[in-house]
Amino acid sequence: MSETELQAEIDHHERARAAMAAMRELTEGIHNIYSGDFDESTRNLGLGDVRSDHLFGWAMANYTVPRLADLTDRGIALFFGRIWMDDGEDFHIGRRHILDGNRDPLVLDWRAPLSEQYYRASAHDRRDVAKRRRFGFNNGTLTGFEDENLVFGEEVASDILTAEIERPRTGPMRDIVATIQPEQDELIRRDATTNLCVQGAPGTGKTAVGLHRAAWLLYNYTDKLNKSGVLVVGPNEGFLNYIAGVLPTLGETSVWQVTVQQLTGAHTATGTDTHEAALVKHDERIALVCERAVWGHIGTALDGGVTADEGLLIADAGWRWRLGLGFLEEALANARKHTRTYTAGRKALEDAIVQGVRRQAEIRSGHSPDAKWGTRIKRTPAVRQFMDAVWPGLNAKTVMKKLYTDAAFRADATRGILSEDEAALLTGKLAKPSAADLLIVDEVESHLKLRDPSASFGHIVIDEAQDLSPMQCRAIARRSGKGSVTVLGDLAQGTTPWAASSWTDQMRHLGKDQAEHTELTTGFRVPAVIIELANRVLPHLGVGVAPARSIRSDGSLDHVRTADLEAGVREAVAKALQEEGLVGVIAADARAEALRPVLEGAERVELVAASLAKGLEYDHVVVVEPVEIVEAPATGGATVEGVGLRHLYVALTRAVSRLTVVHARDLPPQMAS
Ligand SMILES: Nc1ncnc2c1ncn2[C@@H]1O[C@H](COP(=O)(O)OP(=O)(O)OP(=O)(O)O)[C@@H](O)[C@H]1O
């Protein structure tokens, strides 16, 4: 690396920074003009006035506001790589497109098609790239670069990548645009119609891939996805806070990030279920129960009091109309066959009845009666009684009430689907619904009426998806509609009572059984010495997934046996704080509560209950009394076979650099080598 070359790159970076400032100034100018127009036209509008400049101003303000945010100079590096192509052209690759005054690119967006070559080219498959350069930065100042002359077959183990991966963690998750690896890039750039299911051991970059894929999709399918929206679903608010900053730093501020509870309304639940009831209510068989509970209301024409001789007699304003049994049976069959929801089917049957009477009226009078007449026919006592008996009007509340309080109705709805004992658990107070009750309401509603298609998302990224129940998956599927999904997770980290044991099943519950399945095994977070300890536990978790292979040879692992656990933790934390970065203390949920006063006020230290550690990472992790984590009951107080061991596996895989295991009791046998 020559000084002159480095200086040339520093100059290019300065030029890019100045050009970005000019782009922002230009956008600011446009913003000021049109937001002025917008305000002015709003002031002058009379009731019902529509002015094109008003709408245009509104549209321009909508365009410029996110663009201004995106063009804000946050002092971070504007490019991180450069490629020279075989044809002599060269490009700097950065977080966003930057153009000079002649509209020539100074920096190419990492999501642009050409940037793919930067990430994927290798000495074996150069993709027309002659040379690749990676830049090192310190707080936005360019400090150096490393080159790979691919054309000469050169492949360099990147110190810049190593430094990025080993960097002390001081806060929430950061983007990885500068160091995306080829196998990650392949997943990030799958087209918008691909449903992707990624199984990956801890720290293999699943979350990073999902978030960068969201950003890549929004850039490459802007029109489609800005309209339909992109959603990120995570396991809990702590996790969402941890990842919240990644998409905004990639220039994407429109992505909605929610927990599965928020998405399905379950965060408003005021009731709780016993462990056994929750298990039944989250089971996929409940979908069949809901289907029957709704559609089972439909009777036959005979149930409506219609006989073969009499048919249905309808009296209206001195006229008497008669619809035959055959006609009504056919209308019923058609309504079932041609409509997707119960409510639409009911309307179709009513319309068919009016149509049948209309035809008779036309024959008698020679002209067609109006729509008002049709409404009157629907309201005649005969039609109302028939509809109430054969296809009664329903709402979700009525169905739920019958299912939960009417034993005979519940027995009919569950016969052959649930055992009697299981069916007996389908109860609850509807005024105080549990999270599972709300999922059942959602499922029932899906049979009653179609969701508004505009309420579906174009793409949904679902993280920690192994923990979703079949009923949660179905609720998400209803919000995905024809959109695509990126599903990320690790079967070995499944800790809910309904955690998935197969991705094929999980994708079926999500309504995307044609998904592409793939597995990531290169670990970027956990150093080899620590992952080796976690991998001892893996065979005991009852899942056939591949262990992580760490690309990191740094890191340290300590065991501290102590008679006084609190003193041991205090000491381990004090030692950990001698190094840079965040310290995470992970303990069984009850132990974490007990440790709170011990760690009160300690800076750079976070105390985490083992059940909430998923997805997080800390520079230094102190795992407290592993055997308690293994023995601790799962959420809700019930002990779920094997879940404690999975919590321990999660806890052992949160460390970026150092792990200290503090224990007073013997270690669980599964941690032995
Ligand atoms: N290409 C990369 N370059 C630099 N850092 C990376 C890269 N890929 C992943 N990382 C880092 O590795 C760590 C683990 O990534 P991430 O959280 O996405 O893994 P994960 O598979 O979701 O883990 P878990 O299953 O434990 O939640 C993060 O700090 C992430 O920024």
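Predicted model: local features only at pLDDT ≥ 70, side-chain atom pairs only at ≥ 80, totals over all residues.
A residue counts as buried when its relative accessible area is under 20%, as exposed when that area is over 50%, and as partly exposed in between. By this criterion glutamate 443, at 0% relative accessibility, is buried.

The side chain of glutamate 443 meets that of arginine 474 in a salt bridge, with an N to O distance of 2.7 Å. Because glutamate 443 belongs to helix H20 (residues 435-448) and arginine 474 to helix H21 (residues 470-480), the pair ties together parts that are 31 residues apart in sequence. Arginine 474 has a relative accessible area of 29% and is therefore partly exposed, whereas glutamate 443 is buried.

A record provides the wider setting. In an unreviewed entry, UniProt lists residues 179-527 as "domain: UvrD-like helicase ATP-binding". Over residues 179-527 the chain is 50% helix and 12% strand, and the end C-alpha atoms lie 18 Å apart.

Helix packing can be followed in one pair of helices. Two packed helices are described by the angle between their axes and the distance between the axes. For helix H14 (residues 342-365) and helix H16 (residues 381-390), the axes come within 11 Å and cross at roughly 145 degrees; the crossing is right-handed. On the H14 side the contact involves Arg346, Leu349, Glu350 and Ile353, which meet Val383, Phe386, Met387, Asp388 and Val390 of H16. Classified by residue type, this contact of H14 with H16 comprises 6 nonpolar and 3 charged residues, with no polar ones.

Aspartate 351 pairs with lysine 378, their closest N and O atoms being 3.1 Å apart. This pair links distant parts of the chain, since aspartate 351 is in helix H14 and lysine 378 is in helix H15 (residues 371-379), 27 residues apart. Both partners are partly exposed: aspartate 351 has a relative accessibility of 28%, and lysine 378 has a relative accessible area of 22%.

The side chains of aspartate 175 and arginine 95 meet at 2.6 Å, N to O. Aspartate 175 lies in the loop between helix H4 (159-166) and helix H5 (182-188), and arginine 95 in the loop between strand S2 (90-94) and strand S3 (98-99), so that the pair links parts of the chain 80 residues apart. With a relative accessible area of 10%, aspartate 175 is buried.

The whole structure contains 47 salt bridges.

Definitions and conventions: Residues numbered from 1 in each chain as written. Heavy atoms only, no water. UniProt positions renumbered as here; feature names shortened; annotations may be inferred. Helix = DSSP H or I, 4+ residues; strand = E, 2+ residues; numbered from the N terminus. Axes fitted to C-alpha atoms, helices over the stretch in contact; angles between N-to-C directions. Left-handed = near helix turned anticlockwise from the far one by under 90°. Contact = heavy atoms within 4.5 Å. Nonpolar A, V, L, I, M, F, W, Y, C, P; charged D, E, K, R; others polar. Salt bridge = Lys/Arg side-chain N within 4 Å of Asp/Glu carboxyl O. Buried < 20%, exposed > 50% of the residue type's maximum accessible area, 1.4 Å probe, protein only.
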